[in-house]
Structures are given as structure tokens and as C-alpha cells.
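User: Hi! Could you walk me through this one?
Analyst: Happy to. Let's bring it up and look together.
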Amino acid sequence: VTEPEARAFGEKIESSLAAGEADFLTRSFDLESIADLAVADEDAEPHLRTDYRQGLTAGFRIAPQLVQVIVQGGSYHLLRVRAGAGGPRLLFRILTPQGAVNYHEHFLARTPEGGIRIADTYVFAAGERLSATFRRPYLALVAGQPGALARLVGAENEYARHSPQVLEMQRLLSDADGAIEM
């Protein structure tokens, strides 16, 4: 993907969202690639992988959420095209109507047909790529299988081992009634 192609692609994302249209960005994500990264290197039961991939692609709602932010007075603005290993990246700034700021860096890839897709996205507020964010719930599913913990290594093993506690912390953080007192 060339720099001018990447810039035109990014401008199309920005203008379509500004017009209230989520379809272009939704179609631009290569959810198959992102799902492949999320479920990579696991000896999980095939139905687990398939079900997780289907749920991930069916529940992916980033573009409609961005349209809502814009409709309410926020913005999604292309800041620059950055050169990087593997090709150009698009850096966008999200500004919510409440003044919160986040950045997305979209990693671009060429499709076999010659088009451009978003192969993954680094979400600055999360400090990781979408594929890594989507991997953690998958690891929690895999951890429930016999012998799974023995197959996972390093941080993934620790995450899977403690996934019940992590899920409880996430529930408490999102539940106003279960707010943690400091």
C-alpha cells in the first residue's frame, strides 16, 4: 500500500463516518485476519475456535460506535500516515463530546484483489492491538479445556490461570453497584 493510497483510504474513512455512514469502515476491517491472530497457536477444540470467531465477527461494532460519537458532537480525525514495518499506518484521533481523547493506529494490508483492508488496529487507550484484546477472552475459554494450562506459556498461562479473577474485576469495574471503594 503506497502512502497516497493510504491517505486516500484514511480520508474516505473520515468522510464516511462524518456523514454518519459506518458501512465503509466496517467493511474495511479484515476481521478474518484479526480473528486469526486472536485464536492463533492454540490446540483448542475446533468448535471453540469456530464459535469464538463467529461471535467476534458478528459482535464487532466499532464503526457504529464511532458514528454515535460523531453524531453527539465528537470527531474521528486522520492525523497522519505513518511509515512502519509491513506498510503504512493510519493514525486517527477520537475526541468525544465530553472531551475524552483516544487514538487508533490502523495497520493496512493489500487484499489479493488489490484493495486495502485494516489488518489490525492499535488502540492507544487499551495499550494494545485489537487482536490482543480479543485474544484474552479466547484464552479464558481455552483455559476451561483439560490440559490447556500446560500448553500455554508465559503471560498467557498466567492470564488463563487467573481468568476468573480478571473477569470478576472487569465485572466490578463496569457495574456501578459493585464499584470498588478506595
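User: How many aromatic pairs does the structure hold?
Analyst: There are 4 aromatic pairs in it. Keep in mind that this is a predicted model.
User: Can you pick one? What about Tyr 122 and Phe 124, how are their rings arranged?
Analyst: The ring centres of Tyr 122 and Phe 124 are 5.0 Å apart and the planes sit at 90 degrees, so this pair is edge-to-face. An angle over 60 degrees is what counts as edge-to-face.
User: Why those two values?
Analyst: A pair of aromatic rings is described by the distance of the centres and the angle of the planes.
User: Switching to helices: at what angle do H3 and H4 cross?
Analyst: Helix H3, residues 31-38, and helix H4, residues 46-58, cross at roughly 135 degrees, and their axes come within 10 Å. That angle makes H3 oblique to H4.
User: Left-handed or right-handed?
Analyst: The crossing of H3 and H4 is right-handed.
User: Which residues make the contact?
Analyst: From H3, they are Leu 31, Glu 32, Ala 35 and Asp 36, while H4 brings Arg 53, Leu 56 and Thr 57.
User: What classes are they?
Analyst: The contact of H3 with H4 has 3 nonpolar, 3 charged and 1 polar residues.

Conventions
Residues are numbered from 1 along each chain as its sequence is written. This is a predicted model: local features need pLDDT of at least 70, side-chain atom pairs count only at pLDDT 80 or more; totals for chains, interfaces and linings use all residues. Side-chain values use heavy atoms; hydrogens and water are left out. Axes are lines fitted to C-alpha atoms, for helices over the stretch in contact, and angles run from 0 to 180 degrees between N-to-C directions. Helices (H or I, at least four residues) and strands (E, at least two) are DSSP runs, numbered from the N terminus. Angles under 35 degrees count as roughly parallel, over 145 as roughly antiparallel, 65 to 115 as roughly perpendicular and the rest as oblique. A crossing is left-handed if the near helix is turned anticlockwise from the far one by less than a right angle, and right-handed if clockwise. Contact means heavy atoms within 4.5 Å. Ala, Val, Leu, Ile, Met, Phe, Trp, Tyr, Cys and Pro count as nonpolar, Asp, Glu, Lys and Arg as charged, and the others, Gly among them, as polar. Rings of Phe, Tyr and Trp (its six-membered ring) pair if their centres lie within 6.5 Å; planes under 30 degrees apart count as stacked, over 60 as edge-to-face and the rest as tilted.
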